[in-house]
Number of protein chains: 2
Amino acid sequence: MDKAPTRDRILVATAELFRRQGYTGTGLKAVVAEADAPFGSLYHHFPGGKQQLAGEVIRASGAFFQALVLAAYDEQATTAESVRAVFTGAAETLEATDYADACPIATVALEVASTDEILRLVTAEVFTAWTDALTERLAGDRDRAFGILSALEGAFVLCRALCSTEPMHAAGRLAVAGIEASRRIS
Amino acid sequence: MDKAPTRDRILVATAELFRRQGYTGTGLKAVVAEADAPFGSLYHHFPGGKQQLAGEVIRASGAFFQALVLAAYDEQATTAESVRAVFTGAAETLEATDYADACPIATVALEVASTDEILRLVTAEVFTAWTDALTERLAGDRDRAFGILSALEGAFVLCRALCSTEPMHAAGRLAVAGIEASRRIS
């Protein structure tokens with residue numbers, strides 16, 4: 001089977017390394033080794049170096065994760081079932097990957113928040129896109145969308161630290177309780 | 001005014017650096033510079049080096065943050081007011097510190113989750129202590145405690161990325177809705 005183009009292999013390898021060991025912990029040598037690419041190809045495809053590469057990876061991972069989550073969401077018949085499916089799916093992925101495969105951008109987002117303004121803005125762009133997509137599905141309830149996304153993101157932190165899916169299921173139940181509360185009010 | 005003992009200065013400086021730039025991004029040279037301590041004092045007080053230092057910082061920051069949050073929590077008359085106070089306090093701190101001063105251990109927790117099993121266990125210990133303390137205050141409802149802590153942790157991620165307290169207030173309202181839902185059931 002032909003290998004994917006070098007540029008794509010570099011993006012995929014970087015995304016995988018960021019997810020597991022973060023931005024600061026990921027050196028460019030590790031990226032080219034993981035991507036099975038010559039070192040020179042990195043600066044050929046990403047003349048802006050690690051920061052440019054990181055920006056593209058954050059955007060691409062953000063879009064990929066959003067598509068994945070929305071596919072699970074949109075398959076369900078009711079809002080409560082949709083929200084439940086997202087948290088259940090996240091718990092299953094965590095378990096299947098030994099708690100390595102969580103939010104693709106959270107680690108990097110925390111690392112760069114106070115240290116790299118350009119990359120912080122890219123993570124903000126991704127989180128805003130997710131919030132907009134969920135807000136639309138919650139009939140414009142941006143407040144609840146932010147609450148549910150917070151629960152999901154925080155559950156990733158707790159689940160990875162504890163090697164347990166218990167926080168994810170609990171966060172999912174809190175999110176569903178929030179949906180039901182919104183319904184009672186509206 | 002006398003300076004604090006060297007060991008304490010090193011712990012405080014490391015906690016501050018971890019919070020802003022994470023574990024991997026914090027070198028021991030930066031620690032001694034920030035602590036105004038001679039380099040040799042670091043290995044004198046922490047013969048296990050960066051890992052030992054990090055373990056002590058995670059434990060100490062975890063205990064400090066827990067005490068701070070519980071003080072805000074225990075001041076209020078009702079569970080809903082207590083939960084609201086925690087999220088409002090977190091939002092105020094984020095704003096006052098230009099979104100730098102958030103959960104003291106989240107960045108490190110994500111960085112070490114798949115890369116350093118000893119430190120992962122220390123973060124797990126801290127999150128478990130927080131969960132236990134909140135569970136006790138919620139009449140044994142561990143599920144809701146995990147949900148609320150998830151919302152708090154995730155809101156820190158979103159607020160820092162977006163430079164906005166909107167996710168924290170939204171997460172707080174979701175947490176309160178969850179408390180009210182629990183009350184209706186019980």
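Colleague: What is A:Leu152 in contact with, leaving aside its neighbours within four places in sequence?
Modeller: In this predicted model, A:Leu152 is in contact with A:Val86, A:Phe87, A:Ala90, A:Ala171 and B:Gly154, once its neighbours within four places in sequence are left aside. Two residues are in contact if their C-beta atoms, placed from the backbone, lie within 7 Å.

Colleague: And how are those names built, and what gets counted?
Modeller: Residues are numbered from 1 along each chain as its sequence is written, while chains are lettered from A and ligands numbered from 1 in the order in which they are written. Because the model is predicted, local features need pLDDT of at least 70 and side-chain atom pairs count only at pLDDT 80 or more, whereas totals for chains, interfaces and linings use all residues.

Colleague: Which residues touch the most other members of the largest nonpolar core?
Modeller: That core has 123 residues, and A:Leu152, A:Ala171, B:Leu152 and B:Ala171 touch the most other members. A nonpolar core is a set of buried Ala, Val, Leu, Ile, Met, Phe, Trp, Tyr and Cys residues joined through C-beta atoms within 7 Å. A residue is buried if 20 or more other C-beta atoms lie within 10 Å of its own, exposed if 12 or fewer, and partly exposed in between, with C-beta atoms placed from the backbone.

Colleague: Which residues of helix 5 of chain A are buried?
Modeller: They are A:Ser82, A:Val83, A:Arg84, A:Val86, A:Phe87, A:Ala90, A:Ala91 and A:Leu94. Helices (H or I, at least four residues) and strands (E, at least two) are DSSP runs, numbered from the N terminus.

Colleague: How far apart are its end C-alpha atoms?
Modeller: The end C-alpha atoms of helix 5 of chain A (residues 79-96, 18 residues) are 26 Å apart, which agrees with the 26 Å that the helix should span at 1.5 Å a residue. The expected span is 1.5 Å times one less than the number of residues.

Colleague: What comes after that helix?
Modeller: Helix 5 of chain A is followed by A:Asp98, whose phi is positive, near 55°. A:Tyr99, in the loop between helix 5 and helix 6 (106-112) of chain A, also has a positive phi, near 65°, although it is a residue other than glycine.

Colleague: Is A:Tyr99 buried or exposed?
Modeller: A:Tyr99 counts as buried, because it has 20 C-beta neighbours inside 10 Å.

Colleague: How are the two copies related?
Modeller: Chain B can be laid on chain A with an RMSD of 0.0 Å by a turn of 180° and a shift of 0.0 Å along the axis, so the two copies are related as by a two-fold rotation axis. The superposition is by least squares on the C-alpha atoms of residues with pLDDT of at least 70 in both.

Colleague: What does the model score?
Modeller: The model scores ipTM 0.94 and pTM 0.95. Chain A averages a pLDDT (the predictor's confidence in each residue, from 0 to 100) of 94, and 98% of the residues score at least 70.
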